[in-house]
Structure formats: structure tokens, C-alpha cells
Amino acid sequence: DLLISQISAGEVIGRPASALKELLENSVDAAATEITVQLFQGGIKLIRVADNGTGISRDDLPLALARHATSKINTLEDLQKIASLGFRGEALASIAAVSRLTLTSRGREEKHAWQIQTKDRHLSPPEPAALASGTTVEIHDLYFNIPARRKFLKTEATEYAHCDEIFKWIALSRADIGFTLQHNGTLRRHLRPADPRLRIAAILGDEFAQASVFVDERAADLRLWGASALPNYSRSSRNNQYFFVNGRFVRDKLIAHALREAYRDILHPDRHPAFALFLEMNADGVDVNVHPTKTEVKFHDSRALHQFIFHTINKALASPQL
Ligand code: ADP
Ligand code: MG
């Protein structure tokens, strides 16, 4: 049902940046090594993500846009239940319900690419298209059919800033992938596949790279690596705090607390340290909430984790390798 699809899309796809996140994650899942993002008008007019991943065969194209659980969604309450389970296989369907979506792809076995499009309630049959490899998704006119939702979008500059933020998270999490970002036809970011340290410098800037310590510590099944700002780094703020757990971006109170404690004696309490840190641990030690819009996690041994993060950063700040 289209109405329900639109409501559900509103839950998951709050703004252009949420759609961009889904597309980027799909490209990463498809083993792409090069991903190009083109945005127009902050992504409101157009989000185009092109990758060189595995692609989708002609016969699977309509499946990529199919909603798997439509029949189960009857009420708003149901919708919330499903939201908490994670919308697997729902992202493209949700986006397609509230935009004009074009999906072009060349599966490995195909002699050429195929394209499908959604418009209002209709899904066009696959048509031959030109694309050397991989997949290109275009999302035109997000919320064109839900004026009330469209009104909630902020200015083009604000929506672009949110998209750039998502782009930075994903680019930080996968230094081995090349990424390009354009806005309104202008090149904004170009990142070659790189060593993670160089990728961090490319995203957080050279000043950060110079005014931060690099850590890489292990304890039991835990590993924490990445860069954390020294107190003299002038542009420390909440906006440049990047923390990943097993490659996923998370915001977590426990982690935030451990880091705050690590900086307590050297950073003014009103200031927030910048960092790009990667925690790796056994997958069974952490529950990752699969809701696409949430970035929370639950750790089984939070006490040990808190201590490990605190000690690693505290020690590194006490003896910076300058
Ligand atoms: P999910 O990622 O949870 O499976 P999506 O709605 O995001 O659901 O995508 C649906 C399906 O479409 C994916 O499972 C995948 O098979 C296919 N797909 C989407 N984007 C790409 C892509 N960039 N490359 C290859 N396959 C893709
Ligand atoms: Mg997906």
C-alpha cells in the first residue's frame, strides 16, 4: 500500500542524507572499490550514487525495489515494531515510495546494463542502458509526493552539510575504497584508496593530523586504533567525533563517557575532543541496533570496555609521540 510505504519511508528516510547513507552502504555491500556521489540542491533535487560493485542482473532489478513485508504493515504500531527489527531489504523500496528512482546496473553476467524506474505507483520494465559496470542509483525529487514532509527539509546548505557528514563517516570507515563527492557539479571531495591514517587526515584535515596522537592498543579481544586530538588542537568539537565499532559508526554514552574521562585533566570541560577511533571486538560482545537511522549499540561487558578505552586514550595523551 502506497500510503503505508510513504509513512514508513518517512521513518527511515528522514532527509536526503538518510537516503544517501542507504545508497552508500549498498555500494559498500556490493564490494565496490570506487564510489561517486553527485548531489544537486543538497540532495533534494538529485542524489546519484555510482559504484563499480558486483551489479544486479536484469531479473533481479525489480526485486531490489520490492518491499518484502508490505502485507505485515497494517498499523502505525506494526510499523514501529518493524522499524525496531531493522527494515532489512526495505531501504530502496522506502526511498522509491517517496521519490522518482532510477536504478541502472550491469550484473557480472550481463552483456550490457539494464535500467528500471519508479514513478508514482509504477515500476517500468527493465530497459537496456549504457553503464560499463556496477550500479548507479538516482533519487530525484525526494518527497515530491509528500509536500508536508518536503516542507520539513531545511535549506539546501543544511541538507548538503548532512550529506557531507554521512559521506565522511562512510569514507572514514572504508579507507580502502575510493570516494568522490560533487555538489551542484562542483568537486567537493576526492579520496583515493589510502592507508587509514591518510584517510583520517584527508577527512579531519592536516591540522588535526598534526595535533593528534595515533593509538593502536589491544587487550583480550579488544583493539582500539585511530587518532585522537591533543589539547592544543583548536578545532576540537562535537562535530568531529567519529567512533566506529566493527566498522559501524556509533554514538554511545558509555564510549563518550570513557573519552571524556580520558581528557578530563587536560581539556576544559566545555570543550569536546576531536577523534576518529575504531574499536574492533568479537561480534558477540556487542548488539548493534539494526535500525538504519539509529547509531546505538549495547555492549555486554561495558565495564571492561570503558576501562580499556579510558586507559588507551589517557595513556596516549600522557605521552604523545610528537
Ligand atoms: P538491503 O540492503 O537491506 O538488502 P536495500 O533496499 O538497501 O536492502 O537493497 C535491496 C537489494 O538491492 C540489496 O539486497 C541488493 O541485492 C540490491 N542492491 C542495492 N543496491 C545495490 C548496489 N549498489 N549494488 C548491488 N546490489 C545492490
Ligand atoms: Mg541496503
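Which residues of helix α10 (residues 253-263) are buried? I started my notebook with that one. This is a predicted model, where local features need pLDDT of at least 70 and side-chain atom pairs count only at pLDDT 80 or more, while totals for chains, interfaces and linings use all residues. Residues are numbered from 1 along each chain as its sequence is written, and chains are lettered from A and ligands numbered from 1 in the order in which they are written.

**Entry: helix α10**

I found Ile255, Ala258, Leu259, Ala262 and Tyr263 buried in α10. They share the same side of α10, because they cover an arc of only 130 degrees around the axis. The arc is taken over the directions from the helix axis to the C-beta atoms. My note on the term: buried means 20 or more other C-beta atoms within 10 Å of the residue's own, exposed means 12 or fewer, and partly exposed lies in between, with C-beta atoms placed from the backbone. I then looked up what covers these residues, and the cover includes β12 (241-245), β14 (275-280) and α11 (302-318).

**Entry: the whole chain**

I noted 11 helices and 16 strands in the protein chain. Helices (H or I, at least four residues) and strands (E, at least two) are DSSP runs, numbered from the N terminus. Of the 322 residues in the protein chain, 37% are buried. Among contacts between residues at least 6 apart in sequence, 69% join residues at least 24 apart. A contact here means two C-beta atoms, placed from the backbone, within 7 Å.

**Entry: the core and helix α7**

I looked up the largest nonpolar core and found 76 residues, with Leu20 and Ile95 having the most contacts inside it. Such a core is a set of buried Ala, Val, Leu, Ile, Met, Phe, Trp, Tyr and Cys residues joined through C-beta atoms within 7 Å. Helix α7 (residues 156-173) gives this core its largest share, seven residues. Leaving aside residues up to four places away in sequence, Leu20 touches Val37, Gly43, Ile47, Cys163 and Ile166. Both Cys163 and Ile166 are on the list of buried residues of α7, which also includes Glu159 and Lys168.

I checked the length of α7 too: at 1.5 Å a residue its 18 residues should span 26 Å, and the end C-alpha atoms are 26 Å apart, which agrees. The expected span is 1.5 Å times one less than the number of residues. Asp164 is also in α7, and Asp164 counts as partly exposed because it has 19 C-beta neighbours inside 10 Å.

**Entry: helix α11**

I found Leu305, Phe308, Ile309, Thr312, Ile313, Ala316 and Leu317 buried in α11. Seen down the axis, they fall within an arc of 145 degrees, so they line one face of the helix. Arg303 and Ala318 are exposed on the other side of α11. Among the elements covering the buried residues of α11 are β10 (212-219), β11 (222-229), α10 and β16 (297-299).

**Entry: Arg223**

I placed Arg223 in strand β11. It touches Arg218 and Glu280, not counting residues up to four places away in sequence.

**Entry: ligand 1**

How many residues surround ligand 1? I found 17, and the closest are Asn26, Ala30, Ala64, Ala91 and Leu92. To be near, a residue needs its C-beta atom, placed from the backbone, within 6 Å. Helices α2 (16-29) and α5 (91-97) each supply at least two residues of this shell.
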